[in-house]
Amino acid sequence: MATRPIRPRRTDGAKLPRRARLKATWLLFIPLAATIAVFAPALAAAPLAGGAAAKAAVCAACHGAGGVSQTPSVPSLAAEPDQYLEWQMVLFRSGARENPLMSPIAQQLSDDDVQAFGKYFATLKPPKPPPGKLDPSQMAAGVQVMQKYRCASCHGDDFAGEGEAARLASQQENYLVKALQDFKSGARRGAGAAGAMSSVAFGMTKSEIEAAAYYLSHHP
Ligand code: HEC
Ligand code: HEC
């Protein structure tokens, strides 16, 4: 095995004030999905600064540029209803909804942040479905699930979401599976509509959950 030359240590960072050094570190990490895990502690150590759009650079590390996630386990936030977004941030902040990556960040958010981020992400352009050929049998199975459980009655005919009900169209498929499983198992209870999602998901089978996630993630 070839030995690699030892790179000289960067010393310039030491001259920067603490806040600026942290910011520089974030910027370095932003494009690297693999370093997501280091983010939560970094954020927990530093308060958010700047306006909603500037602060959203922090969110983009996981939720993607423009709120469109490129990471299967992380939801897109773009074009989610403002009210839904605000509720979820409050649920994470209070501990009613838990996630090792998201919870420490939510704990940093003030009420003003919650409102500003809700408004900001709600106005962004929605994600697009992934490219590639559709599986017609999974799409048909998905349509059946949508009808059986009347998903559109709360999430809207185009699944763009409404009020407390999330946008589902073109959401990350893996994330949709996880969200439905979390409602089914009781790991996630939801905010409003008196636990509407828990009672819906409780009755869903594994293959119904998969068909729903496939259909919705490919819905424009
Ligand atoms: C370290 C990665 C990471 C960062 C940075 C991050 N999030 Fe998240 N966020 C997540 C994950 C993962 C989830 C999904 C949790 C789950 O599976 O329940 C999530 C979920 C959410 C949700 C709920 C979305 C939905 O569809 O239910 C909101 C709202 C949210 N994040 C807002 C933000 C905001 C605002 C920021 C920036 C201040 C941010 N996040 C930064 C990882 C992150
Ligand atoms: C009675 C109204 C209602 C019906 C019917 C309903 N939902 Fe929901 N759904 C909601 C509400 C309200 C939320 C937000 C819950 C919360 O506060 O976490 C939600 C959240 C979700 C989420 C989480 C989204 C995210 O970004 O985390 C998924 C996935 C979901 N619904 C899928 C479905 C599917 C699939 C169906 C049909 C099988 C369905 N819903 C039927 C009201 C409903």
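Which residues in helix 9 meet which residues in helix 11? I took this up in what is a predicted model.

**Entry: helix 9 and helix 11**

I read off the helix 9 side as Glu173, Leu176, Val177, Leu180 and Gln181. On helix 11 I found Ile209, Glu210, Ala212, Ala213, Tyr214, Leu216 and Ser217. I sorted the residues of this contact by class and got eight nonpolar, two polar and two charged.

I then looked up the geometry. Helix 9 covers residues 173–185 and helix 11 covers residues 206–217. Their axes lie 8 Å apart, and the packing angle is about 140°. Angles over 145 degrees would count as roughly antiparallel, and 65 to 115 as roughly perpendicular, so I put helix 9 and helix 11 down as oblique to each other. I noted the hand of their crossing as right-handed.

**Entry: helix 4 and helix 6**

I turned to helix 4, residues 82–94, and helix 6, residues 111–122. How do their axes cross, and within what distance do they come? I have them crossing at roughly 140° and coming within 8 Å. Helix 4 is therefore oblique to helix 6. The crossing of helix 4 and helix 6 is right-handed.

For the contact itself, I listed Asp82, Leu85, Glu86, Met89 and Val90 from helix 4. Helix 6 contributes Val114, Gln115, Phe117, Gly118, Lys119, Phe121 and Ala122.

Conventions
Residues numbered from 1 in each chain as written. Chains lettered and ligands numbered in written order. Predicted model: local features only at pLDDT ≥ 70, side-chain atom pairs only at ≥ 80, totals over all residues. Axes fitted to C-alpha atoms, helices over the stretch in contact; angles between N-to-C directions. Helix = DSSP H or I, 4+ residues; strand = E, 2+ residues; numbered from the N terminus. Parallel < 35°, antiparallel > 145°, perpendicular 65-115°, else oblique. Left-handed = near helix turned anticlockwise from the far one by under 90°. Contact = placed C-beta atoms within 7 Å. Nonpolar A, V, L, I, M, F, W, Y, C, P; charged D, E, K, R; others polar.
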